Amino acid sequence: MDKELVNRLENEVKEYKAIQTEINKINQSRSSLLSQLGENEMVKKELELQKDGEVYKLVGPVLIKQDLAEANSHVAKRIDYISSELKRLEEIFSDLEKKFEAKRNKVIELQVSLQKQAQKGAVK
């Protein structure tokens with residue numbers, strides 16, 4: 001067998017696994033952001049139900065009174081930030097998926113080449 005081909009296959013497999021690891025990290029981050037987004041949307045709905053304008057924010061072990069408009073503003077900013085991060089992660093995920101497919105195809109191509117060489121060597 002061609003050692004160069006074997007080395008190329010090993011390198012491609014390493015890169016393939018690295019991309020797979022990155023995809024898993026992106027999925028974990030995405031999952032975390034989705035749960036944060038859901039929590040913040042629930043907070044936003046709760047704030048919309050407030051009539052008296054008294055809202056308290058937990059800062060460390062202490063509840064601090066906060067203006068309703070200010071609380072709404074903070075929650076809206078968090079939702080915007082989380083949404084933009086999700087969009088950014090989706091773009092990264094899409095790029096990684098394309099790279100993943102390309103690497104997978106390259107690995108398959110190299111494996112087929114090695115198998116052909118092995119069959120030629122066995123026939124001789």
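This is a predicted model: local features need pLDDT of at least 70, side-chain atom pairs count only at pLDDT 80 or more; totals for chains, interfaces and linings use all residues.
1. On to the overall fold. There are two helices and two strands, and reading from the N terminus the order is α-β-β-α. Helix H1 covers residues 3-49 and helix H2 covers residues 68-123.

2. The dimensions deserve a look. Along the principal axes, the C-alpha atoms fill a box of roughly 90 × 25 × 15 Å. The radius of gyration comes out at 26 Å, whereas a compact globule of 124 residues would have one near 14 Å. If you have a globular picture in your head, these are the numbers to set against it.

3. Now burial and surface. Of the 124 residues, 23% count as buried. The protein exposes about 9,300 Å², and carbon and sulfur atoms supply 53% of that area.

4. Several of the residues picked out below have contacts of their own to look at, among them Lys103 and Leu110.

5. The aromatic side is quick to review, as the count comes to one aromatic pair. The partners are Tyr16 and Phe100, with ring centres 4.6 Å apart and planes at 15 degrees, so the pair is stacked: the cut-off for that label is under 30 degrees. Tyr16 belongs to helix H1 and Phe100 to helix H2, 84 residues apart, and the pair therefore links distant parts of the chain. Phe100 has a relative accessible area of 15%, so Phe100 is buried, the limit being under 20%.

6. Is Lys103 buried or exposed? This helix H2 residue has a relative accessible area of 18%, and because buried means under 20%, Lys103 counts as buried. Leaving aside neighbours within four places in sequence, Lys103 is in contact with Glu12, Glu15, Tyr16 and Ile19. Tyr16 in that list is also a member of the stacked pair.

7. Leu110 is another one to click on. It lies in helix H2 and is buried, at 2% relative accessibility. Again leaving aside neighbours within four places in sequence, the contacts of Leu110 are Leu5, Arg8, Leu9 and Glu12. Glu12 also turns up among the contacts of Lys103.

8. The C-alpha atoms of Tyr81 and Leu37 are 9.4 Å apart, although the two are 44 residues apart along the chain.

Key: Residues are numbered from 1 along each chain as its sequence is written. Side-chain values use heavy atoms; hydrogens and water are left out. Helices (H or I, at least four residues) and strands (E, at least two) are DSSP runs, numbered from the N terminus. The radius of gyration is taken over C-alpha atoms; the globule rule is 2.2 Å times the number of residues to the power 0.38. Buried means under 20% relative accessible area, exposed over 50%, partly exposed in between (1.4 Å probe, protein chains only). Accessible areas come from the Shrake-Rupley method with a 1.4 Å probe; for residues, only the protein chains shown count as cover. Rings of Phe, Tyr and Trp (its six-membered ring) pair if their centres lie within 6.5 Å; planes under 30 degrees apart count as stacked, over 60 as edge-to-face and the rest as tilted. Contact means heavy atoms within 4.5 Å.
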